[in-house]
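This report describes how the parts of the model below meet, within one chain and between two chains.

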Amino acid sequence: MAADYAYVGFFLVVGVLFVILNIEILSRIIRPHNPNPQKLTTYECGEEPIGIGWIRFHVRYYLYALVYIVFAVETVFLFPWAIVFRELGLFAFLEMMVFIGILLVGLAYAWKKGALEWA
Amino acid sequence: MMIFATLVERFYAALAAWGIPWIVPTLVVMVIVVSVVLAYISVAAMFMIWWERKISAHIQVRYGPMRVGGWHGWAQSIADGIKLLLKEDLIPTGADKVVFVLAPMVVFGATVAAYVTIPWAPGLIVRDLNIGILYMVSISSLVVVGIIMAGWSSNNKYATLGALRSAAQAVSYEVPLVLSLLGPVMIAGTMSMGKLVEAQSGRWFGVLPGWFVFPQIVAFLTYFTCALAECNRLPFDIPEAESELVAGFHVEYSGMRFAMFFLAEYANMFVVSAIATTLFLGGWHGPWIPLPGLPREVAHGLFGLVWFQVKCYFLIFVMMWLRWTLARLRVDQLMGFAWKVLLPISFANLIVTGLVLILGKHALLYVGGIAILLLVAILLAARPAARTVRVGERT
Amino acid sequence: MEKPIPIGTTVVMERTGETMEEMYVNMGPQHPSTHGVLRLMLKLDGEYIIDCIPYIGYLHRCHEKIGENRNYTQIIPYTDRLDYLASMSMNFGYVLAVERLMGQKIPERAEYMRVILAELQRIASHLIWLGTFGLDLGNFTIFMYCFREREMVLDLFESVTGQRLNYSFYRIGGMPMDFPDTFLTDCQAFLAWFKPRLPEYDAIMTDNILFQKRVQGVGISPPQVAVEYGLSGPMLRACGIKWDLRRNEPYSIYDRFEFDIPVFDTCDVWARYMVRRREMEESVKIVEQALAQLPPGEVMAKMPKTIKPPAGQIYSRAESPRGEIGFYIVSDGSPKPYRYKVRSPAYVNLSALPEMLKGCLVADCVAVLGSVDIVLGEVDR
Amino acid sequence: MTLKLGIFYFLAAFTVWASAVVVLGKNIVRSAVALIFGFCGMAALYVLLDAEFLAAVQVLIYVGGITILLLFAIMLTSRIGSTTARVVNDQVILSAIAAIGLLVGLIYASTSGIPAMSGPPRLPETAPFLGRALLTTYALPFEAVSVLLLAAMVGAIVLARKD
């Protein structure tokens, strides 16, 4: 019920406030603050950084993310099924097996196609 | 403990009698609850940090902190906390300041929010959300987002690599993690954390406690492995991998900002252990006796509280033990493990669990569980031996 | 100087044929896994290493030039600082060179002392390597275990030399003093303690599937490449080439002992690990035999007050824990060497690093670098 | 229920603000970060509608999955550091017309057809209801979804891998 989630929102907000309290208030009062350009450089093992960190970057694992989305959607369907499955019985089970089976075909395809390889 | 609910109700009634609007007692209760939880998180995290140092030390034939505070350096974490509080706060000039500042808030806020639905003891749960376990999973995906924000905003190459690894790890381990949680949900027929614990009150064969770990041993092991990845603990700590990426996503964080990540990491360890305890280890169930002078309910609650903590900290101990025993995996191996080993296993577990439940015999759950375990063991044993590389071959 | 690096240019990646940006990352000098102040500049394609350029010299201190301005005995303490994790072996190599140049014979007992100390040093050096290598792969515990045993070796050395790291204990013409009375029993006690520890290391490292996964098939240096780069020591023996100066070119009294030269032929990090792991056993064997055979007698030959080797030159080499430590000395008959040059094994081994790293992942980089076992004091001299 | 209404307006404003940052932000990754907050705001709105299952799904899939995919895509396709995204392009007028049209349509729909701030009958729990509905009444569409997901996965792999 929505009222239950008032607590969730409240916890989130208080968690954030706790961080703000610690970093921006409590610590700010007592910590030193003497920045200089050297201190504020980006760390790169003691050398001047070569270029910036935000570059066009080959993320090898974007295929994992693609496959993940599909499986995440599937698992979402599995939760309501898992709850009611004992009352609905065999039919629900078979239905879900078909559902999972079709997606497992997809997994097998992804596997065979090398989408699960680190390429 | 029902006694809390009674207290809260009396408090409401008393204030209502005074003609104070309902919002006031509600807020007061909320503030008290959140303060208790935050205090618990802070103290528990500090304890865990000290405890981990002692455990690692004793695994490594040394003592660990011995000075601060006297007995076995118990105040070491407090001293560390004060030190971090006094550290200068540096935000690199190249960083994206807004995101940089937001990242620890997201991580810590999400971690705190996960404590909403941890069932501490019979009846003692902040809110028993009806989608409890799904809520836990989704709120922890926010933590990952916070880590990515931290890594990206630093404009540091090590941090960027760490953030991307964290993202890849999250997408790989989320699916087997969620699938492994489905087994208990299927048996209990609910997602609420409180009801999941209550569903484990019986006994298997009249001997073993009715914990879901027995029929769902495969799911438990899968979950625990994924939980290690979720918390960035060795052998899955590649997002921070100190010997490769120095400190990974939080390289540029100093002082209190770093401390928040640190705190959240340990708080998160407790969260994943609490999930495992709730779903597999029977939550607060455990032997108890009525204490003289206390109502039965209170005594049960107290024992439940203790049992829950004992189980959680046992799992945390195992996590620490693993960390100080194993080496770190490489990122590609880690992904391969998640997709090619854990995912098929958790699917197999799901199907077998469903089948056995349909056949309607609880006893069969064991047979099923053992069958999967055997299957997995055979699969692992039949796995081709470690690849030998011929001379001259490049990988 | 160095070529300016084109930053942010989009290039076609050789490996995948995709257009991407190359990322340059400095790894070191202030990095937990570069074992000192080595700086590697990594050219990355995502997490893949396209190229690696080691920059050295952060610890350069003109070792060779200083040597040319000191007399022969004064150089000995400087050699300690070459490979500071294996000072005994450095001393050994140097005094061997001068003695060979002079044609000097040394007393029997001194030879045995030298071998015992050098082999103990090899154990200590490999222990520190094993520990830090574990650390590189994320296993902290092996580090502590190895340091526990290494401390015992250092205790032995302290009882002999009074020093724990830079011993300066070898002399031209023998050893400055005999073993203390307690040494023999202490050393045997250490060996008795140490031998059962090796299976413990196996349990935590060798037999650990995670560890095996991390090291097998990684950082390959084919025998051809190894020979071309002049690799030596465990690095070479991990390429299936059975080359150990203690066997192939026996110096001192190494020809009197029974020991194996461990050789593995997978050419990867695993092979280097296994070679060093097995070498510790062999060193134990040598020490045991030497202790049993240790003859009585003098430890120092009759030497002139000032050492003036005859005019001439010599390249003398010995097997240090890291490989072939060579000293090239040109003498003009004066008390100081005319030319003094060190061929340091880690420096040469490091030169093959870019070759081994190509196509590896960033995570492999620390494993491969760890397997090279560099000591910056010796690389930079 | 004024409090609920107040929370609704707050969340709505938050979500709109986050979405505005997504659309108008110059830095593309910062837009992605704002998108996360937008998704979370949406999830909170779902909770207000007593659709907490949907909210959790929103966070799990959109925040945990789509955003990460988006970040990967950004890193693959553009230089996130130096270039700033163009906020306005040639289709600005067209899209403005479309957006206003949608707004008008939504306002019309919400004021005329369905009474405001009401909804389907309140359910104690949505998840079991959903499960029952999916497995009985809507069994066929549900199975069709799996084929759709399969097609999506195959399509994605075919597109992403050139070989």
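## Basis of the description

Buried area is the accessible area, taken with a 1.4 Å probe, that two parts lose on being put together, summed over both. The model described here is predicted.

## Domains of chain B

Chain B is divided into two domains: domain 1 spans residues 90-329, and domain 2 spans residues 331-382. Taken over C-alpha atoms, the centres of domain 1 of chain B and domain 2 of chain B are separated by 22 Å.

## Interface between the two domains

In chain B, 29 residues of domain 1 are in contact with 24 residues of domain 2. The area buried between domain 1 of chain B and domain 2 of chain B is about 2,400 Å², and carbon and sulfur atoms give 80% of this area. Between these two domains of chain B there are 0 salt bridges, while 4 residue pairs are in polar contact, both residues of each pair being at pLDDT 80 or more.

On the side of domain 1 of chain B that touches domain 2 of chain B, the elements giving two or more residues are α6 (157-188) and α8 (217-230) of chain B. The largest share of that side, 14 residues, comes from α6(B). By class, the side of domain 1 of chain B that touches domain 2 of chain B holds 21 nonpolar, 7 polar and 1 charged residues.

## Interface between chains A and B

The contact between the chains takes 88 residues from chain B and 66 residues from chain A. The area buried between chain B and chain A is about 6,900 Å², of which 76% is given by carbon and sulfur atoms. There are 3 salt bridges between chain B and chain A. A salt bridge joins the side chains of K39(A) and E88(B), at 2.7 Å from N to O. Across the interface of chain B and chain A, 4 residue pairs are in polar contact, with both residues at pLDDT 80 or more.

Elements of chain B that give two or more residues to the side touching chain A are α2 (23-59), α4 (97-113), α5 (132-153), α6, α10 (255-279) and α12 (331-359). Of these, α6(B) gives the largest share of the side of chain B that touches chain A, with 17 residues. The residues of this side of chain B divide into 59 nonpolar, 16 polar and 13 charged.

Methods:
Residues are numbered from 1 along each chain as its sequence is written. Chains are lettered from A and ligands numbered from 1 in the order in which they are written. This is a predicted model: local features need pLDDT of at least 70, side-chain atom pairs count only at pLDDT 80 or more; totals for chains, interfaces and linings use all residues. Side-chain values use heavy atoms; hydrogens and water are left out. Domain bounds come from an automatic or database domain assignment. Contact means heavy atoms within 4.5 Å. A salt bridge is a side-chain nitrogen of Lys or Arg within 4 Å of a carboxyl oxygen of Asp or Glu. A polar contact is a pair of N or O atoms within 3.5 Å; within protein, one must be able to donate a hydrogen and the other to accept it, and residues adjacent in sequence count only if both atoms are side-chain atoms. Helices (H or I, at least four residues) and strands (E, at least two) are DSSP runs, numbered from the N terminus. Ala, Val, Leu, Ile, Met, Phe, Trp, Tyr, Cys and Pro count as nonpolar, Asp, Glu, Lys and Arg as charged, and the others, Gly among them, as polar.
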